[in-house]
Amino acid sequence: SLVFKNKETYLGNIHFIIFCQLLLYKDNGVDKTELYKEIWPQDKDYQFNKLDTHLTNLKNHLKEKINFDLLFSTRSGLIYIRAD
């Protein structure tokens with residue numbers, strides 16, 4: 001579960017992996033290819049739109065359930081949490 005300002009939500013496995021990796025590598029960014037491999041290790045062809053969809057769904061879930069704005073950007077294949 002994830003708690004923010006006394007509101008709680010639960011994350012599925014994929015969203016949990018994404019969120020943890022974004023936090024762990026907040027300074028240097030998360031490599032999209034490595035993140036994809038961690039989530040779907042059996043995939044031979046990478047479908048980054050699938051990863052992008054999960055990122056968007058995680059962002060929307062956190063906003064809806066606990067009013068948390070997850071801001072991120074991608075540069076040179078790395079995903080960064082943004083602090084606006």
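1. A quick word on terms before we get to the sheet: two strands pair if DSSP finds at least two bridges between them. Helices (H or I, at least four residues) and strands (E, at least two) are DSSP runs, numbered from the N terminus. Keep in mind that this is a predicted model, where local features need pLDDT of at least 70, side-chain atom pairs count only at pLDDT 80 or more, and totals for chains, interfaces and linings use all residues. Residues are numbered from 1 along each chain as its sequence is written, and side-chain values use heavy atoms, with hydrogens and water left out.

2. Three strands make an open sheet in the order 3-5-4, with antiparallel pairing. Strand 3 (30–31) and strand 4 are the edge strands, each pairing on one side only.

3. Look at the pairing of strand 4 (residues 72–75) with strand 5 (residues 78–81): the two run antiparallel and are joined by four bridges. Ser73 sits opposite Tyr80 of strand 5, and Thr74 has Ile79 as its bridge partner there. This hairpin has two residues between its strands, and Ser76 takes a positive phi near 50° in it.

4. On to the helices. Two packed helices are described by the angle between their axes and the distance between the axes. The axes are lines fitted to C-alpha atoms, for helices over the stretch in contact, and angles run from 0 to 180 degrees between N-to-C directions.

5. How do helix 1 and helix 3 pack, and at what angle? Helix 1 (residues 13–24) meets helix 3 (residues 48–66) at about 85°, the axes being 10 Å apart. The two are therefore roughly perpendicular (angles under 35 degrees count as roughly parallel, over 145 as roughly antiparallel, 65 to 115 as roughly perpendicular and the rest as oblique). In this contact (heavy atoms within 4.5 Å), helix 1 supplies Ile14, His15, Ile18, Phe19 and Leu22, while helix 3 brings Leu51, His54, Leu55, Asn57, Leu58 and Leu62. By class that is eight nonpolar, three polar and no charged residues (Ala, Val, Leu, Ile, Met, Phe, Trp, Tyr, Cys and Pro count as nonpolar, Asp, Glu, Lys and Arg as charged, and the others, Gly among them, as polar).

6. Helix 1 also packs with helix 2 (residues 32–39): their axes come within 10 Å and cross at roughly 145°. From helix 1, Ile14, Ile17, Ile18 and Gln21 meet Leu35, Glu38 and Ile39 of helix 2. The contact of helix 1 with helix 2 holds five nonpolar residues, one polar and one charged.

7. For helix 2 and helix 3, the axes come within 10 Å and cross at roughly 85°, which makes helix 2 roughly perpendicular to helix 3. Lys32, Thr33, Leu35, Tyr36 and Ile39 of helix 2 touch Phe48, Lys50, Leu51 and Asp52 of helix 3. Five of the residues in the contact of helix 2 with helix 3 are nonpolar, one is polar and three are charged.

8. Last, the salt bridges (a side-chain nitrogen of Lys or Arg within 4 Å of a carboxyl oxygen of Asp or Glu). The whole structure has five salt bridges. One of them joins Lys37 to Glu34, with the closest N and O atoms 3.4 Å apart. Because Lys37 and Glu34 are three residues apart in helix 2, about one helical turn separates them.
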